[in-house]
Amino acid sequence: MPDLHTLLQNNRDWADSISAHDPEFFRKLANQQSPQYLWIGCSDSRVPANQITGLAPGEVFVHRNVANIVVETDFNLLAVLQYAVDVLKVRHIILCGHYGCGGVQAALENFRHGMIDNWLSSIRALRRIHHLELDALAPDDAADRLCELNVLAQARHIAHTTIVEDAWERGQEIHIHSWIYRLDNGIITPLAPPIHQSIESLPVGTVPPAVDEFPDSA
Ligand code: ZN
């Protein structure tokens, strides 16, 4: 494990390498950010948004919490979402979960973990709603499936916020993506077509099949 001095030296080396490639990079970035993407992901240290998508500083606005949960009473998330939608005018909101999520695993376990159990209550609700499907699977497969169901549910929660509903009503173009990252191979897989309009009319619990989000780029 590197010590703190190493972290600071790494930072100097990184800044030097960026400036060597583009001497104006940091000066331009300090004046303005205009990312096209809002990333809502898990706090897990193994899922760093910029690194796994190859995006540079300034290209993605990021919010992370344990198990990438979107709760309509979370003022932290709502403040990030409103700034991203109303001020930055991002065109894509990426809800990215990951297989092997400790938060999702905790929601599957029948014992107390502490405060986190309150935070994970919406995932335990998903577990109850989908118990027939989950109970029929082996434990590891059930955990993976609950990770996927959590991504799909939290993406729908974004679509249901007044912030996104109002933006669509104004004619603002926003696509909400449901992605999942696999820790053991580093691959992101889209789980459903992007949501680009109000989903009020969709039946509750609708889970579209997995799709290739970029069929022409394969
Ligand atoms: Zn996680």
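**View 1. Contact between helices α7 and α9 in a predicted model.** Ile123, Leu126 and Arg127 of α7 meet Leu146, Leu149, Asn150 and Ala153 of α9, where two residues are in contact if their C-beta atoms, placed from the backbone, lie within 7 Å. Helices (H or I, at least four residues) and strands (E, at least two) are DSSP runs, numbered from the N terminus. The residues of this contact divide into 5 nonpolar, 1 polar and 1 charged, with Ala, Val, Leu, Ile, Met, Phe, Trp, Tyr, Cys and Pro counted as nonpolar, Asp, Glu, Lys and Arg as charged, and the others, Gly among them, as polar. This is a predicted model, in which local features need pLDDT of at least 70 and side-chain atom pairs count only at pLDDT 80 or more, while totals for chains, interfaces and linings use all residues. Residues are numbered from 1 along each chain as its sequence is written.

**View 2. Packing of α4 against α10.** The axes of α4 and helix α10 (residues 162-169) are 9 Å apart, and the two helices pack at an angle of about 15°; axes are lines fitted to C-alpha atoms, for helices over the stretch in contact, and angles run from 0 to 180 degrees between N-to-C directions. The two helices α4 and α10 are therefore roughly parallel, a term for angles under 35 degrees, whereas those over 145 count as roughly antiparallel, 65 to 115 as roughly perpendicular and the rest as oblique. On the α4 side the contact is made by Leu78, Leu81, Gln82 and Val85, and on the α10 side by Ile163, Val164 and Ala167. These residues divide into 6 nonpolar, 1 polar and no charged.

**View 3. The largest nonpolar core.** This core has 43 residues, and those with the most contacts inside it are Leu38, Ile93, Ile94, Leu95, Ala155, Ile158 and Ile176. A nonpolar core is a set of buried Ala, Val, Leu, Ile, Met, Phe, Trp, Tyr and Cys residues joined through C-beta atoms within 7 Å; a residue is buried if 20 or more other C-beta atoms lie within 10 Å of its own, exposed if 12 or fewer, and partly exposed in between. Among the elements that give two or more residues to the core are β1 (37-42), β3 (92-98) and β4 (175-182), while the largest share, 9 residues, comes from α9. Leaving aside its neighbours within four places in sequence, Ile94 is in contact with Tyr37, Leu38, Trp39, Ile40, His177 and Trp179.

**View 4. Asp16 in helix α1.** Asp16 lies in α1 (residues 4-21) and counts as exposed, with 10 C-beta neighbours inside 10 Å.
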